[in-house]
Amino acid sequence: METEKKTQTTAEQITDMDLSEQIKKVTKESHVRAENTEMMLSFQKGQVTLPQYKLLLSSLYEIYQALEEEMDRNSNHPAVAPIYFPAELARLESIEKDLEYFYGQDWREKIVVPAATKRYCHRLRQIGKENPEYLVSHAYTRYLGDLSGGQVLGRIAQRSMGLTSGEGLSFFAFPGVSSPNLFKQLYRSRMNSVELTMEQRNGVLEEAVRAFEFNIQVFDDLQKMLRLTENHLQNSSTHSKPVNVKTLEIAGTIINTSPLIRIVLGLFVALATVSIGIHVF
């Protein structure tokens with residue numbers, strides 16, 4: 001694809017750089033786009049809502065479950081071992097704790113995720129089996145991104161949603177990391193020490209771009225789900241006619257859904273799933 005050729009050309013032009021610097025360079029444009037998605041702008045403006053946050057947590061659970069299972073399974077792989085820090089970075093237990101706080105003990109039965117999240121997880125499991133070195137791209141993008149912005153975003157989320165007790169915010173806490181800046185230096189140093197062929201290095205760089213694209217797709221799909229939910233709630237409040245209803249859990253809110261809205265939701269998921277052929281390179 002044109003994107004892959006462009007990434008490969010860029011990689012060949014900056015072969016004298018460390019891997020971490022190469023990733024930063026080739027993902028610069030995607031990074032800006034990710035920061036300017038509607039969901040991330042809500043965080044930056046201090047306007048994140050509880051439904052947004054709960055939907056985001058649900059997707060992060062699925063993503064980190066796939067990522068950490070593949071990291072665990074490939075922990076002895078020469079490309080993965082140097083950046084394998086489960087005690088310091090693992091997010092899954094923290095996210096589970098937050099989801100239980102918001103949804104209750106039966107949270108696994110209540111959370112929903114969009115098709116983009118499923119595609120992201122599918123890719124993580126695929127490369128875990130076929131190209132474990134590509135996990136470096138996703139681990140670097142996710143863990144260092146969360147570690148860099150975790151404290152700031154945690155405070156923003158706490159203020160925006162009025163979570164005065166601090167519960168529900170475990171995802172943003174890294175108790176095993178005493179100094180985020182020093183740890184990030186260590187992580188980059190370890191990552192830069194990974195020995196890769198030119199072909200593997202180009203593949204890792206292409207995968208880093210994919211990682212950002214997957215995150216952008218997840219953010220966009222989550223906003224579509226939220227809008228669909230909000231529109232249905234508005235329609236329900238303006239019409240008093242009784243309808244045949246069935247409950248659906250979205251963003252922690254039980255919504256009484258008519259057959260029509262269930263069809264719309266089904267079409268949304270189906271269309272998003274079909275788009276896997278377009279978005280997965």
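Helices (H or I, at least four residues) and strands (E, at least two) are taken as DSSP runs and numbered from the N terminus. On this basis the protein has 13 helices and two strands. The structure is a predicted model, in which local features need pLDDT of at least 70 and side-chain atom pairs count only at pLDDT 80 or more, while totals for chains, interfaces and linings use all residues. Residues are numbered from 1 along each chain as its sequence is written, and side-chain values use heavy atoms, with hydrogens and water left out.

Burial was assigned from relative accessible area (buried under 20%, exposed over 50%, partly exposed in between; 1.4 Å probe, protein chains only). Of the 281 residues in the protein, 49% are buried. Contacts were defined by heavy atoms within 4.5 Å. Among the contacts with a separation of 6 or more, 79% are accounted for by residues 24 or more positions apart.

When neighbours within four places in sequence are left aside, the contacts of tyrosine 53 are Phe43, Val48, Asp98, Phe102, Met161, Gly168, Leu169, Phe171 and Phe172.

Two packed helices are described by the angle between their axes and the distance between the axes. For helix 5 and helix 7, the axes come within 9 Å and cross at roughly 145 degrees; axes are lines fitted to C-alpha atoms, for helices over the stretch in contact, and angles run from 0 to 180 degrees between N-to-C directions. The crossing of helix 5 past helix 7 is left-handed, a term applied if the near helix is turned anticlockwise from the far one by less than a right angle, with right-handed used if the turn is clockwise. Residues making the contact include Tyr53, Leu57, Leu60 and Tyr64 of helix 5 and Ile95, Asp98, Leu99 and Phe102 of helix 7. By class, this contact has 12 nonpolar, two polar and four charged residues, where Ala, Val, Leu, Ile, Met, Phe, Trp, Tyr, Cys and Pro count as nonpolar, Asp, Glu, Lys and Arg as charged, and the others, Gly among them, as polar.

Side chains of opposite charge can pair when their charged atoms come close. The structure holds 12 salt bridges, each defined as a side-chain nitrogen of Lys or Arg within 4 Å of a carboxyl oxygen of Asp or Glu. One of them joins arginine 227 to glutamate 38, with the closest N and O atoms 2.8 Å apart. Because arginine 227 lies in helix 11 (residues 198–238) and glutamate 38 in helix 4 (residues 38–44), this pair ties together parts that are 189 residues apart in sequence. Arginine 227 is partly exposed, at 38% relative accessibility, and glutamate 38 is also partly exposed, at 42%.

A further salt bridge is formed by the side chains of arginine 125 and glutamate 69 (2.8 Å, N to O). Distant parts of the chain are linked by this pair, with arginine 125 in helix 8 (residues 115–130) and glutamate 69 in helix 5 (residues 50–73), 56 residues apart. Arginine 125 is partly exposed at 26% relative accessibility, and glutamate 69 is partly exposed with a relative accessible area of 37%.

Aspartate 221 and lysine 224 also form a salt bridge, their closest N and O atoms being 4.0 Å apart. Both residues lie in helix 11, three residues apart, about one turn of the helix. Aspartate 221 is buried, with a relative accessible area of 5%, whereas lysine 224 is partly exposed at 43%. Elsewhere, salt bridges that share partners join Glu69, Glu70, Arg73 and Arg125 into one network.

Leucine 124 is placed in helix 8 and is buried, at 0% relative accessibility. Residues up to four places away in sequence not being counted, leucine 124 touches Ile63, Ala66, Leu67, Glu70, Leu135 and His138. Serine 20, in helix 2, is buried with a relative accessible area of 3%.
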